[in-house]
Every structure is written in structure tokens, then in C-alpha cells.
Amino acid sequence: MADLLNSLSLSASGMEAQARRLRHTTENIANADTPGYRRKTTDFRTALDGTVVPGPVRLDPSDLERIHDPGHPLADATGHHDGSNVDMVVEIADAREAQRSYEANLRMFDQTRQMTQGLIDLLRR
């Protein structure tokens, strides 16, 4: 029974981690055209009990895109301003991967819950 409850905990931590990852990805997509925006990333670690623990949010240090638009209010003397470092192809791929990982954890959680309920029903007889 403890293994089943541990499986529930592992699946729940995986869902929480992927939900956070998806939230950062959607923020990145929403701010892709925001001048000076840096892409958010996060790392995941495995705790001693096997659960997934999201690390701190980090800003991508890669160079910002330089955009030539002399009429932009943030343009410098050369007519350029900083764009963002969000790559839409990468963000969409990350969003799909996070969604699929979340769904896999959800299926595992549901299967474990059903097995646990079946065991409880069997013990009540």
C-alpha cells in the first residue's frame, strides 16, 4: 500500500513540475514581442524521496535580438532597440513536451488511484 501512495506522490510532483514549466513557456510566448524580455527557464531536481522538485526560475542569458526601428520609443541613436530572446519554435516544442509529460503523469496518477481504491475495496470485504 505504501508503494501505491508513493506512486501517487511521485505522479503529483511530476504534474506540478510540468504545470510550472508550461506556465513559464506560456509567459515566454506571451512576451515574445516585449522589448528587453528574457526567456524564463527552470531546472528540475529529484528529491531524496524521488519526487520532482522545480529549481529556481532563471533568465536566459543569451543575447537579445537587436531590432532596427528608428521610430520606436526605445530606439537608440542608431535606430536599434533590444527585442527578446524568445524563440517561438523552441517554446512551442517545450509546451508540447510539458503537456505530454503532464498527461503521462496524470494517467499514472489515475491508474494508481484506481488500484488503491480497488485494494481498499478488497480489504473492506
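Aspartate 82 and arginine 66 join their side chains in a salt bridge, at 2.9 Å from N to O. This pair ties together distant parts of the chain, since aspartate 82 lies in strand 4 (residues 80–82) and arginine 66 in strand 3 (residues 66–68), 16 residues apart. The model is predicted. A search of the whole structure turns up 10 salt bridges.

- Aspartate 82 has a relative accessibility of 33%, so aspartate 82 counts as partly exposed.
- Arginine 66 has a relative accessibility of 44%, so arginine 66 also counts as partly exposed.
- Both values fall between the cut-offs: buried means under 20%, and exposed means over 50%.

- A salt bridge connects the side chains of arginine 39 and glutamate 91, at 2.3 Å from N to O.
- These two partners come from distant parts of the chain, 52 residues apart.
- Arginine 39 sits in the loop between helix 1 and strand 1 (40–46), while glutamate 91 sits in helix 2 (residues 88–124).
- Arginine 39 counts as buried because its relative accessibility is 14%.
- Glutamate 91 counts as buried because its relative accessibility is 1%.

**A pair within one helix: aspartate 110 and arginine 113**

- The side chains of aspartate 110 and arginine 113 form a salt bridge, at 2.6 Å from N to O.
- Both residues belong to helix 2.
- They are three residues apart there, so about one helical turn separates aspartate 110 from arginine 113.
- Aspartate 110 counts as partly exposed, because its relative accessibility is 29%.
- Arginine 113 counts as partly exposed, because its relative accessibility is 42%.

**The network**

- Salt bridges link Arg21, Arg39, Asp60, Glu91, Asp94 and Glu97 in a network.
- Among the members are Arg39 and Glu91, the two residues whose side chains meet at 2.3 Å.

**Histidine 24**

- Histidine 24 is placed in helix 1 (residues 2–30).
- Its relative accessibility is 9%, so histidine 24 counts as buried.
- Histidine 24 is in contact with Lys40, Thr42 and Val57, leaving aside neighbours within four places in sequence.

Notes: Residues numbered from 1 in each chain as written. Predicted model: local features only at pLDDT ≥ 70, side-chain atom pairs only at ≥ 80, totals over all residues. Heavy atoms only, no water. Helix = DSSP H or I, 4+ residues; strand = E, 2+ residues; numbered from the N terminus. Buried < 20%, exposed > 50% of the residue type's maximum accessible area, 1.4 Å probe, protein only. Contact = heavy atoms within 4.5 Å. Salt bridge = Lys/Arg side-chain N within 4 Å of Asp/Glu carboxyl O.
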